[in-house]
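This report covers sheets, a helix pair, pockets and cavities. The sequence and the structure come before the discussion.

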Amino acid sequence: MNIQSRSFIDEARWTGKAFLGGWRETAAGVAEVRNPATAMLVASVGIGGAADIGQAAVGAYLAQPAWAAKLPSERAAILNKAADILEANGEELVGWIMRESGSIRAKAQIEIDHGAAFIRHAAAAAVEPNGIALPTMDAGRQNHARRVPHGVVGIISPFNFPLVLSVRAIAAALATGNAVVHKPDPRTPISGGIIIARLFEEAGLPAGVLHVVPGGIDAGEALCTDANIAMVSFTGSAAAGSRVGELAGKHLKKVQLELGGKNALIILDDADPDVAASNAAWGCFLHQGQICMSTGLILVDEKHADAIASRLAARAGHLVAGDPSTDQVALGPIISDAQVDRIQGIVDDAVAKGAKLLAGGKASGRFYPATVLFGIERGMRAFEEEIFGPVACIAPFRDEEAAIALVNSSEYGLAAGVISASVDRARSVGERLEVGHLHINDQTVNAGPHAPFGGRRRSGNGGRVSGPAIWEEFTQWMWISVKEQATPYPF
């Protein structure tokens, strides 16, 4: 069977609709999706409100038991087929990701490659052993425990890596026997939702097991409070994650939060300046800095701070920002005008408080140039806040203890990197950092299906997604005791 079609996305099938066990119109109406680089119309999709979420949750609740009852190998086969379909139609889908999210081609291709890898890893997890034998505490009774699905998992994903950050949770939930109600960001409902629905539709996922309902805050809050949804997996900002946690906790739902970060890259005094600057540039500027793992703070030993700063500014000056469709740019557009204004406000605040602007620093419409700020200190917004823009913030430090203290003083705790000529030295520094991901001799933008992904403090609630966390997060323990026959009790 040829799983590649001339137009896999099949726009006529879903225009103006959402995936509610099939392609259907929504009660909340239709929303336009526009290219952030050009403002041109990309497509129109059905937008969901509370009523649509409720309908999807009922459908998923009814479909879940039959899906959970399938053999693990059957679930794995459907997941692997979805990954095959994604890879076979990658070139077409890259174009949709570029137009909708403002990605350059290389970043969009990363989403295809990593998206398929996350699905395949979940498929492999589906057939892993999921039970253990427990000690026998009294004669005649055998005890064991096994992991069972929660039931229906609600998933809320962001705009920045819409395909990967949606499919990694969707695939994990499906692999472990859950049904899914997914709410992608309304700015990227195609890359974050429609594409995924089409993948699993073509792969033969039973109707009702997956629902994709793009929507705004009202839809997200409905997903957190609906009685038919047992767990919520959220990726997004700390502020929104706090609200999700509040609502889910009030309704006694399990919640897994993967939030933002002010991720530090520590460059020690024995690091190669050119290699270190290269790492910093990639970590700060990839996808316009719109990544939760972006390098938000570059801590450089004061003896080499000027050398790193000058090299990073030179690299920034060669990175062109513009329309990704030209294939001639390194940076695409910022997702919204409001976010451009926020980035500008943070940069202006730093300069007003004494930071030196070494490159960039002024927007041109939706395009923000690669920007370098030197001399960032506490009290500046650029030191404290997640920027979500292409801004490199350089802060010199006196010694290793000072660098560790600066990292651990942050309210965030997602990712960190340490670069040194000595792996042992880098590890001794890095292992004292209070973060969820540590990268020795690398920058902070790293992820993969094999790794448990999540952060500490305002970067998450201790939950993780992907890797060995799949069974831990998307299932719960069930204790089963067995007696060969019932025996009488003294009452």
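In which sense do strand E13 and strand E16 pair, and over how many bridges? Strand E13 (residues 295-301) and strand E16 (residues 391-397) pair in the parallel sense over 4 bridges. The model is predicted, with pLDDT of at least 70 needed for local features and 80 or more for side-chain atom pairs, while totals for chains, interfaces and linings use all residues. Residues are numbered from 1 along each chain as its sequence is written, and side-chain values use heavy atoms, with hydrogens and water left out.

**Sheets**

Helices (H or I, at least four residues) and strands (E, at least two) are DSSP runs, numbered from the N terminus. Two strands count as paired if DSSP finds at least two bridges between them. Leu299 has Ala395 in E16 as its bridge partner.

E13 and E16 belong to an open sheet of 7 strands with mixed pairing, in the order E14-E15-E16-E13-E12-E17-E18. The edges are strand E14 (356-359) and strand E18 (437-440); each has a single partner strand, so one side of each is left without a neighbour in the sheet. From one strand to the next, the twist averages 20°. Angles here run from 0 to 180 degrees between N-to-C directions, and axes are lines fitted to C-alpha atoms, for helices over the stretch in contact.

Helix H11 (residues 305-317) packs on this sheet and touches strand E12 (263-267), E13, E14, strand E15 (371-374) and E16. Contact means heavy atoms within 4.5 Å. The direction of H11 makes about 165° with that of E15.

An open sheet of 3 strands has antiparallel pairing and the order E5-E6-E19. Strand E5 (131-134) and strand E19 (475-483) stand at its edges with a single partner strand each, so one side of each is left without a neighbour in the sheet. The twist in this sheet averages 25° from one strand to the next. E5 pairs with strand E6 (residues 141-149) in the antiparallel sense over 4 bridges, and Ile132 stands opposite Ala145 in E6.

**Helix pair**

Helix H8 (residues 217-225) and helix H9 (residues 238-250) pack with their axes 8 Å apart, at an angle of about 35°. Their crossing is right-handed, that is, the near helix is turned clockwise from the far one by less than a right angle. On the H8 side the contact involves Glu221, Cys224 and Thr225, which meet Arg243, Val244, Leu247 and Ala248 in H9. These residues divide into 4 nonpolar, 1 polar and 2 charged. In this scheme Ala, Val, Leu, Ile, Met, Phe, Trp, Tyr, Cys and Pro count as nonpolar, Asp, Glu, Lys and Arg as charged, and the others, Gly among them, as polar.

**Pockets and cavities**

On a 1 Å grid over the protein atoms alone, a cavity is a set of points where a 1.4 Å probe fits but cannot get out; a pocket is an open set with protein on both sides within 12 Å along at least five of seven lines, and lining residues have an atom within 4 Å of a point. Grid points are joined across faces, edges and corners, and a volume is the space filled by probe spheres set on the points. The search of the whole structure finds 3 cavities of 30 Å³ or more.

| Space | Volume | Lining residues by class |
|---|---|---|
| Largest pocket | about 870 Å³ | 19 nonpolar, 11 polar, 10 charged |
| Second largest pocket | about 250 Å³ | 13 nonpolar, 2 polar, 1 charged |
| Largest cavity | about 100 Å³ | 6 nonpolar, 7 polar, 3 charged |

The largest pocket is lined by 40 residues, with Arg187, Phe234, Gly236, Ser237 and Ala240 nearest its centre. H8, strand E10 (231-235), H9 and helix H12 (337-352) each supply at least two residues of this lining; the largest share, 6 residues, comes from H9.

For the second largest pocket, helix H5 (105-126) and helix H6 (162-175) each supply at least two lining residues. The largest cavity has 16 lining residues, of which Gly289, Ser294, Gly296, Ile387 and Phe388 lie nearest its centre.
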